[in-house]
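Subject: Structure for your review

Dear colleague,

Please find below the structure that I am handing over to you.

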Amino acid sequence: MSSIELVAPCHFGLEAVLKKEITDLGYEIVQVDDGRVTFCGDENAISRANIFLRTAERILLKVGKIRAVTFEELFDKVKALSWERYIPADGKFWVTKASSVKSRLFSPSDIQSIVKKAMVERLKTVYHMEWFPETGAEYPIRISFMKDEATICLDTTGLSLHKRGYRTMVSKAPIKETLAAALIMLTPWKKDRILVDPFCGSGTIPIEAAMIAANIAPGVNRSFTAEKWTNILGRKCWYQAVDEANDLMDDGIETDIQGYDLDGDIIKAARQNAAAAGVEHLIHFQQRPVSGLHHPKKYGFLISNPPYGERLEEKEHLPELYREIGERYRGLDSWSMYLITGYEEAEHYIGRKADKNRKIYNGMLKTYYYQFLGPKPPRARPQERQE
């Protein structure tokens, strides 16, 4: 399989972050759409993308793109695709998800049924079989319709990529690991700068920051559906990607990453999660209210997902909370603050208009990434850099 197209879904509003990640991995971008980036590469791209990408939700192997306005047309065009290139005679295959936006075919269950039947008919002809045991590796299919055009893919990932494997204990409203990583990557923070999350919950933002600082690949300690697709890519691809990730890892660095939360039990959970991620030595967790937020050093970063009424706090408590955030931030000399929140009055009660504001959809919930920019630190003199 020389050249393939892969589709990487992501949170709406984070396409540019994911695009840069893919480009940095060395792959060519084919197309950027709302909530997804399509790129091309060789078979190694499947393993490397799953293991290295921090902001993608999953990696889909594109089988084909068709236009269909009737179920008969859908059946015929799906049947015409070369499914035998991907699915062996004993493969287990099913349509795990179908979605439709602004299309005449809109019933997910009907789309799933028709696509499965068409695949069976195609493979019957190729393998000369009337019945498939489906005892081999799993090949889940995803199909998404947009304006009568359907993109049909195989899901190489399995469990979503936000499930890194380290978060066994969570707070009531945890932020996804992929979103947390993207929020950090949208800032100019580097591992030699201070980072504080005063609403850290189960520790996701500090842990993702520590993994970025230590260059720990997010998927290095988990498994993927496509690992068993030996007919498409050999096990060697996965071994090489893991070896590459291990060679690039540097967890002996020094960092100043801190996470605070009012709930002591949640702080204990955050420490356990950090230990599971292998970064507990890079983060300082502490039970502390936002009113106790202070730091003597300059040019730090405050990156957080504070409560905003939809999930954790009643809305009547939010003005006081965001007023406190504003007061604490004004006491942090030369710091930058980045907050993701669905609370539309955040700037008013913080007492300052954000320098930048980015709209991000956290699932179906519209949120805003408010960016309050502090000054850049002075450049080190040549002799200081040498020292």
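Two strands are taken to pair if DSSP finds at least two bridges between them. Please bear in mind that this is a predicted model.

With that in mind, I begin with strand E12, residues 336-341. Tyr338 of this strand stands opposite Gln371 in E14. Strand E14 covers residues 365-372 and runs antiparallel to E12, the two being joined by five bridges. E12 also pairs with strand E11, residues 301-304, here in the parallel sense and over four bridges. Within that pairing, Phe301 has Ser336 of E12 as its bridge partner.

How many of the residues of E12 are buried? Six of its six residues are, and the strand is described as mostly covered. The side chains of Ser336, Tyr338 and Ile340 point one way from E12, while Met337, Leu339 and Thr341 point the other way; all are buried.

Helix H9, residues 318-330, is the next element. Buried in H9 are Leu318, Pro319, Leu321, Tyr322, Ile325, Gly326 and Tyr329. Seen down the helix axis, these buried residues fall within an arc of 165°, and therefore line one face of H9. Glu320 and Arg330 are exposed on the other side of the helix.

Finally, two residues deserve a note on their backbone angles. Most residues other than glycine have a negative phi. His128 is not a glycine, yet has a positive phi of about 55°. His128 lies in the loop between helix H4 (108-127) and strand E6 (138-146). Asp148, also not a glycine, has a positive phi of about 75°. Asp148 is found in the loop between E6 and strand E7 (149-155).

Are these two residues buried or exposed? His128 counts as exposed because its relative accessibility is 71%, and exposed means over 50%. Asp148 counts as buried because its relative accessibility is 7%, and buried means under 20%.

Yours sincerely

Note on methods
Residues numbered from 1 in each chain as written. Predicted model: local features only at pLDDT ≥ 70, side-chain atom pairs only at ≥ 80, totals over all residues. Heavy atoms only, no water. Buried < 20%, exposed > 50% of the residue type's maximum accessible area, 1.4 Å probe, protein only. Arc of directions from axis to C-beta.
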